[in-house]
Amino acid sequence: MIVSTAPRRRRAHWLRAALATATLATALTGTAGAAGPGGTARTAGAAGAPPVQAAGEFWVNPDTPAARQAATWRESGRTSDALFVERIARRAQAEWLHKENPGDLVRARVDEAAAAGRTPVLVAYFVPHRDCGDYSAGGARDADRYRAWIDAFATGLGTRPAYVIVEPDAVAQQIAGCQAADASERYGLLAHAVARLKQQPGAKVYLDAGNASWIPDEGRLVEPLRLAGIARADGFALNVSNYRTTAESTEYGHRLARALGGGKHFVVDTSRNGNGAYTGGDKPWCNPPGRALGTPPTTRTGDPAVDAYLWVKRPGESDGTCRGGPAAGTWWPEYALGLAHRARNT
């Protein structure tokens, strides 16, 4: 699992570039503006500027690595590349909370989003033994520290609306084998996280359930998800930071919902699944070549059980030090450009 680790920077450079550029071409807008899986109804603003979004949809942070890259390339004369990277910059992407003291950043994000009349997508990613020591190792030092962290996260939400994805990989990884983590403790902590976050009236909470290829027998997820608090969650999340197609993820999601007894909804990470999964070598989840941006974030999925397509993983940020990539969560301009070049519906 990768995290989004780029720090916030000053916005002056970004804003100068936004004010200096013309309106984005309709050709670049693609299918955005159509309802349903093709994208959210939007109108483009000045090139490099945040988009004007349909009411009720997701908040676009104007100060992402993609936005800064587009501004830099535009100023240096790489106009075509800037336009492609703006395919990422103008879309709503999740904010990953993965460090100590999350409350202030959570509060800032929900306040900024509310001021724009939009909803932010946040990821709680701090469970002890996170990623089982792999590329995104880290997390809380112990169970007590994690409970306090979740409390700070929830307090930061206040009454503002937000979609919250709870602990990508934690359940599926435990099933697949994470000897560093005690299963009973981990599931208990996840259940605590779901219950605490659901105390906030504006929070829609989705417990991560891996992806369609990780635990192919969805029945194996049922008891772990129950122990981890799925009954109190709004639903589960699929395909976070992975590349399985939307169709495959949706079919798997329906099977899992039925196995859980029916009635549970889910969200799908479509950030990089435009060309589906890579099948050409080792670690197909880690910076695979030839991938593409997927369906833009929207709640208009055409499926009553699918609450949203989201860009949970921030496109262009590395999965880890594989295939020449930088550290997990680090912005990788060349990879981002490839994802955008190959996109068909952004």
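# Briefing: helices, a sheet and some backbone spots

E251 is found in helix α10, residues 246–259. Helices (H or I, at least four residues) and strands (E, at least two) here are DSSP runs, numbered from the N terminus. We're looking at a predicted model, where local features need pLDDT of at least 70 and side-chain atom pairs count only at pLDDT 80 or more, while totals for chains, interfaces and linings use all residues. Residues are numbered from 1 along each chain as its sequence is written, and side-chain values use heavy atoms, with hydrogens and water left out.

**E251**

- With a relative accessibility of 40%, E251 counts as partly exposed; buried is under 20% relative accessible area, exposed is over 50%, and partly exposed lies in between (1.4 Å probe, protein chains only).
- E251 sits 39 residues from A212 in sequence, yet their C-alpha atoms are 8.7 Å apart in space.

**The parallel sheet**

- Seven strands make up an open sheet, with 7 strands in the order β3-β4-β5-β6-β7-β8-β9 and parallel pairing; two strands pair if DSSP finds at least two bridges between them.
- The edges belong to β3 (95–97) and β9 (306–310), each with a single partner strand, so one side of each has no neighbour in the sheet.
- From one strand to the next, the twist averages 25°; axes are lines fitted to C-alpha atoms (for helices, over the stretch in contact), and angles run from 0 to 180 degrees between N-to-C directions.
- β4 (residues 121–124) and β5 (residues 162–166) pair in parallel over 4 bridges, and V121 has Y163 of β5 as its bridge partner.
- Helix α6 (residues 143–157) packs on this sheet and touches β3, β4, β5 and β6 (203–208), its direction making about 170° with that of β4; contact means heavy atoms within 4.5 Å.
- On its other pairing, β4 joins β3 in the parallel sense over 3 bridges, with E95 standing opposite L122 in β4.
- In a regular strand the side chains alternate between the two faces of the sheet.
- For β4, both faces are covered: V121 and V123 on one side and L122 and A124 on the other are all buried.

**Helix pair α3/α4**

- Helix α3 (residues 65–75) and helix α4 (residues 79–89) have axes that come within 8 Å and cross at roughly 165°.
- That angle makes α3 roughly antiparallel to α4 (under 35 degrees is roughly parallel, over 145 roughly antiparallel, 65 to 115 roughly perpendicular, the rest oblique).
- A66, A67, Q69, A70, W73 and R74 of α3 make the contact with T79, D81, A82, L83, V85, E86, I88 and A89 of α4.
- By class, the residues of the α3/α4 contact divide into 9 nonpolar, 2 polar and 3 charged; Ala, Val, Leu, Ile, Met, Phe, Trp, Tyr, Cys and Pro count as nonpolar, Asp, Glu, Lys and Arg as charged, and the others, Gly among them, as polar.
- Helix α11 (residues 333–341) comes in here too: its buried residues pack against α3 and α4.
- Mostly covered, α11 has 7 of its 9 residues buried, namely P333, Y335, A336, L337, G338, L339 and A340.

- Helix α7 (residues 170–177) packs with helix α8 (residues 183–197) at an angle of about 165°, the axes being 11 Å apart.
- That makes α7 roughly antiparallel to α8.
- A170, V171, Q173, Q174 and I175 in α7 meet A183, R186, Y187 and L190 in α8.
- This α7/α8 contact has 6 nonpolar, 2 polar and 1 charged residues.
- In helix α9 (residues 219–227), L221, V222, P224 and L225 are buried, and what covers the buried residues of α9 includes α7, α8, β6 and α10.

**Positive phi values**

- G229, which follows α9, has a positive phi near 95°.
- E167 has a positive phi near 50° though it is a residue other than glycine, and its place is in the loop between β5 and α7.
- E167 is buried, with a relative accessible area of 1%.
- K283 is not a glycine either, and its phi is positive at about 50°; K283 is found in the loop between β8 (265–269) and β9.
- At a relative accessible area of 31%, K283 is partly exposed.
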